[in-house]
Amino acid sequence: MIPFFDYRPETRRHAEGIRSAVDRVLESGRLILGPEVESFEAEFAAATGVAGAVGVASGTDAIELALRGLGVGAGSEVITVANAGVPPVAAVRAAGARPVLVDIDPATLSIDPQAVATALGPRTACLLIVHLYGFPAALEPLLELAASAGVPVVEDCAQAHGARCNGRPVGSFGTLGCYSFYPTKNLGAYGDGGMIVGNDLALLAKIRRTRVYGWREGTRRSEIEGRNSRLDEIQAAILRVKLPHLEAINTERRALAARFSELLDGAPGNVVASRPGSQPVFHLYVVRCDDRPRWADALDRAGIGHAVHYEDPVHTMPAYASLGLARGSLPHTEAACDSVISLPLYPGIDEQVFERLATALDDL
Ligand SMILES: Cc1ncc(COP(=O)(O)O)c(C=O)c1O
């Protein structure tokens, strides 16, 4: 069986660097928020083309702290999507705000600017744009809408490290960009981690304080309310080893995706489309199909792992019933969630996957 995800092939490639990075931290006597985190923040900011970055404990925390930093909280609304899994919505709730879930463009499965235009209102405090599956969303119209409404944009780049729009990295367009380093991500740690990036250094300094209870530097005295969300030294040191390889990792992902697309040409499924001018990084290779159980059976028989991103639109989940969106209220989102299936795609994947996929497609 070719697993849906396996970090080991990539780990083997960088084994020496990773081991010496871990040793360096163990020898340093410092495990939390130290020089490795500081250096990684600077290196990640440079790679993203922004002025600064703040390391935190996860991608979900990154979004929550970004929103809090922007003053988004109780009584305000954040516009986002329901087909990107729970994390963006959970982060909005954790910040105390109300998620306003809008429909997607059925061609790209990204947030629909038209739906955003309709949803913008007096309580809108932020537009949270998810670059889903590693595909940049429709940034141009979305930034324009947000600017004319005077609303800040937070980019959720958890699935899009290194993706670009007209040559510029995602995460550098909004007021803030948020990343996850969960192990499956294009830039994955060996545990949890997250990052907030941006160009407003005063805002980033405030967010940096909120990751440790809002303490004034060098004291344990909270000047603003905060919480505990820290990136650790071992994860930062490992990520520093992997960051210089991000472009190569993404190039490899694109090449794998191109081979999948070649095989799928003419198959009874269609692939999620990328927008003109955008350079996706294929965090996931997502196919839309009419009969998902049939695809799942064919992939099982061919020995290929698969997954669904994401099966349940967030507004249909019991935890979010209070948002008051009945099934049927986001038709494109619901149709997408009913029809998507993800193929395994990661650096160093077993080359047999192509032969097996051809077999699975014949078997459909
Ligand atoms: C789109 C999106 N946003 C946010 C997150 C949250 O990241 P984390 O799992 O590091 O909290 C994830 C990852 O799960 C994600 O896929």
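I began with Asn166, which counts as exposed because it has 12 C-beta neighbours inside 10 Å; the cut-offs I used call a residue buried if 20 or more other C-beta atoms lie within 10 Å of its own, exposed if 12 or fewer, and partly exposed in between, with C-beta atoms placed from the backbone. What I was looking at is a predicted model, in which local features need pLDDT of at least 70 and side-chain atom pairs count only at pLDDT 80 or more, while totals for chains, interfaces and linings use all residues. I kept to the numbering that runs from 1 along each chain as its sequence is written.

I placed Asn166 in the loop between β6 and β7 (168-169), where helices (H or I, at least four residues) and strands (E, at least two) are DSSP runs, numbered from the N terminus. I noted that phi of Asn166 is near 50°, a positive value in a residue other than glycine. I wrote beside this that most residues other than glycine have a negative phi, and that most peptide bonds are trans.

Is Tyr133 buried or exposed? I found it buried, because 24 other C-beta atoms lie within 10 Å, and I located Tyr133 in the loop between β4 (124-130) and α7 (139-149).

For peptide bonds, I recorded that the one from His309 to Tyr310 is cis, with omega near 10°. Tyr310 itself lies in the loop between α11 and α12 (331-339).

**Ala296 in α11**

I looked up Ala296, which lies in helix α11 (residues 292-302), and found it partly exposed because 15 other C-beta atoms are within 10 Å. Leaving aside the neighbours within four places in sequence, I listed His306 and Ile341 as residues in contact with Ala296, two residues being in contact if their C-beta atoms, placed from the backbone, lie within 7 Å. I also noted that Ala296 and His309, 13 residues apart along the chain, have C-alpha atoms separated by 14 Å.

**Pro99 in β3**

My next entry concerns Pro99, which lies in strand β3 and is buried, because 24 other C-beta atoms lie within 10 Å. Which residues are in contact with Pro99, leaving aside its neighbours within four places in sequence? I wrote down Val78, Thr80, Val89, Val92, Arg93 and Leu323. The C-alpha atoms of Pro99 and Cys126 are separated by 9.9 Å, and these residues are 27 apart along the chain.

**The two domains**

I found the protein chain divided into domain 1 (8-102 + 109-244) and domain 2 (246-362), with bounds that come from an automatic or database domain assignment. Their C-alpha centres lie 24 Å apart, and 30 residues of domain 1 are in contact with 31 residues of domain 2. On the side of domain 1 that touches domain 2, at least two residues each are supplied by α1 (8-13), β3 (98-102) and β6 (164-165), and α1 gives the most, with three residues. I sorted the residues of that side into 18 nonpolar, eight polar and four charged, counting Ala, Val, Leu, Ile, Met, Phe, Trp, Tyr, Cys and Pro as nonpolar, Asp, Glu, Lys and Arg as charged, and the others, Gly among them, as polar.

**Helix α9 and its cover**

I saw that α9 is mostly covered, with eight of its 10 residues buried, among them Ile234, Ala237 and Leu239. What covers the buried residues of α9 includes α2, α3 (35-48) and β1 (52-56). The contact of α2 with α9 involves Gly17, Ile18, Ala21, Val22, Arg24 and Val25 of α2, and Glu233, Ile234, Ala237, Ile238, Arg240 and Val241 of α9; I counted its residues as eight nonpolar, one polar and three charged.

**Around the ligand**

Last, I looked at the 15 residues around the ligand, of which Ser58, Gly59, Thr60, Ala158 and Ser180 come nearest; a residue is near a molecule or strand if its C-beta atom, placed from the backbone, lies within 6 Å of it. I noted that α4 (59-69) and α5 (87-94) each supply at least two residues of this shell, and that the shell divides into six nonpolar, seven polar and two charged residues.
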